Amino acid sequence: MIIIMKNEATRVQIDAILGRIAELGLKPLCMPGTEKVVLGALGDERVLAGLRLENHPQVERVIPILSPYKLASRELYPSETVIQVGTHQIGTPRFTVIAGPCAVESEAQLMAAARHISAGGAVFLRGGAFKPRSSPYSFQGMGEEGLRLLAKARETYGTAVVTEVLSTEEVALVAGYADVLQVGARNMQNFRLLREVGRSGRPVLLKRGMSASISELLMSAEYILSEGNPDVILCERGIKTFETAYRNTLDLTALPILKQKTHLPVIVDPSHAAGHRDYIIPLAKAALACGADGVIVEVHPDPAAALSDGQQSLDLPMFDEMMRQLRRLAKVEGRIL
Ligand code: PEP
Ligand code: MN
């Protein structure tokens, strides 16, 4: 629930209420505003009912948070969350482009991709070192060596690193190299992993599961937020439908809905939705037009030789073309790129 304090409430009185919330085993939150202090109490509904703050002399109003996800909801935090990653911000009028190969394959491949995308205006480099593959016989990623190469690319080109973490045991290792931890579609409801990345101290890029509803995505974000990590970026990457003409159906309707329900930044992955490079540019533009905070796109210097997702990877000239078209559209949409 949200507890709005009266203007005259003193720090001592506020602390006393926060203490009472904690004593009952609930999670206390304090959100000082310019005029009023707003408190939050999260936890078991029955215990919340026992707080009885409605008639407290220093409390102006008590509002229940109706949505099942509390910290992710706009009811609790009405204004946009801006996530700071090094010198970059996600969740502002500036449109964020995250680009790079599906998987880190070699130093030459990663550096060629990083050099090109950073020169073209992408400030984040993506690349999987640990890959979740549908087949156990497919390339599984370079592991820690891949992480080292990502760190080297960051040093050389100044690009922040976004890379996937597959399991709880690898969170500390990946967090040691990455700027943003990616939780993939297949792990969106791996609740122990969500809790672990929630304790990692790194921003998290949470991808929507391929069969997950919007509210399940937000509940998964809530797991991360509830561990004390406020930096969650949501990612729509296409869901499974009956359509077979492409890989997944990019659910663009999810964008305005997510923007209405949550204060968290939302980006779009047109690559895993389309499954083919020919459709990436129009989908990336659609994402911008629908209010996305950015896109994450697969780019490979030689897609034909890629060890994973080559078909959906943009080559370098196509990446330039995407940036050109996004820049043109950004102007119309009042965005910066
Ligand atoms: C990826 O980003 O390479 C990836 C595996 O994505 P997803 O989890 O969306 O399938
Ligand atoms: Mn991929």
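How many nonpolar, polar and charged residues make up the shell around ligand 1? By class, that shell has 3 nonpolar, 3 polar and 7 charged residues. Please keep in mind as we walk through that this is a predicted model.

Let us stay with ligand 1 for a moment. Among the 13 residues around it, Arg126, Ala185, Arg186, Lys207 and Arg237 come nearest. For Lys131, a polar side-chain atom lies 2.9 Å from an oxygen atom of ligand 1. Lys207 also has an N or O atom in its side chain 2.9 Å from an oxygen atom of ligand 1. For His272, the distance from a polar side-chain atom to an oxygen atom of the ligand is 3.2 Å. Taken alone, ligand 1 exposes 300 Å², and the protein buries 98% of that.

You will find Lys207 in strand E11, which covers residues 204-207. Its relative accessible area is 4%, under the 20% cut-off, so Lys207 counts as buried.

His272 leads us on to the metal. Which residues are the protein donors of the manganese ion (ligand 2)? They are Cys102 through SG, His272 through NE2, Glu298 through OE and Asp309 through OD, and they lie 2.1 to 2.4 Å from the ion. Along the sequence, these donor residues follow the spacing C-x169-H-x25-E-x10-D.

Most residues other than glycine have a negative phi. Asp309 is not a glycine, yet its phi is positive, at about 55°. Look for Asp309 in the loop between strand E14 (294-298) and H11. Arg52 is also a residue other than glycine with a positive phi, in this case near 45°. Its place is the loop between helix H2 (45-49) and strand E4 (59-63). With 64% relative accessibility, over the 50% cut-off, Arg52 counts as exposed.

Now for the aromatic rings. A pair of such rings is described by the distance of the centres and the angle of the planes. The count here comes to 1 aromatic pair. Phe191 and Tyr223 form this pair, with 4.6 Å from centre to centre and 25° between the planes. Why is the pair called stacked? It is stacked because its 25° angle is under the 30 degrees set as the limit. Phe191 lies in helix H6 (residues 191-198) and Tyr223 in helix H7 (residues 214-226), so the pair ties together parts that are 32 residues apart in sequence. Phe191, at 34% relative accessibility, counts as partly exposed. Tyr223 is likewise partly exposed, at 27%.

A few more residues round out the tour. Helix H11 (residues 316-333) holds Glu321, which counts as partly exposed at 27% relative accessibility. The side chain of Glu321 makes a polar contact of 2.7 Å with the side chain of Gln325. Between Glu321 and Thr262 there are 32 Å from C-alpha to C-alpha, and the two are 59 residues apart along the chain.

Ile233 is in strand E12 and counts as buried, at 3% relative accessibility. Its C-alpha atom is 9.4 Å from that of Val180, a residue 53 positions away along the chain. Thr253 is in the loop between strand E12 (232-236) and helix H8 (254-261), and at 51% relative accessibility it counts as exposed. The C-alpha atoms of Thr253 and Arg237, which are 16 residues apart along the chain, are separated by 12 Å. Arg237 brings us back to where we began, as one of the residues that come nearest to ligand 1.

Methods:
Residues are numbered from 1 along each chain as its sequence is written. Chains are lettered from A and ligands numbered from 1 in the order in which they are written. This is a predicted model: local features need pLDDT of at least 70, side-chain atom pairs count only at pLDDT 80 or more; totals for chains, interfaces and linings use all residues. Side-chain values use heavy atoms; hydrogens and water are left out. A residue is near a molecule or strand if one of its heavy atoms lies within 4 Å of it. A polar contact is a pair of N or O atoms within 3.5 Å; within protein, one must be able to donate a hydrogen and the other to accept it, and residues adjacent in sequence count only if both atoms are side-chain atoms. Accessible areas come from the Shrake-Rupley method with a 1.4 Å probe; for residues, only the protein chains shown count as cover. Ala, Val, Leu, Ile, Met, Phe, Trp, Tyr, Cys and Pro count as nonpolar, Asp, Glu, Lys and Arg as charged, and the others, Gly among them, as polar. Donors are N, O and S atoms within 2.8 Å of the metal (3.2 Å for Na, K and Ca); water is not among the atoms, so sites may look incomplete. Rings of Phe, Tyr and Trp (its six-membered ring) pair if their centres lie within 6.5 Å; planes under 30 degrees apart count as stacked, over 60 as edge-to-face and the rest as tilted. Helices (H or I, at least four residues) and strands (E, at least two) are DSSP runs, numbered from the N terminus. Buried means under 20% relative accessible area, exposed over 50%, partly exposed in between (1.4 Å probe, protein chains only).
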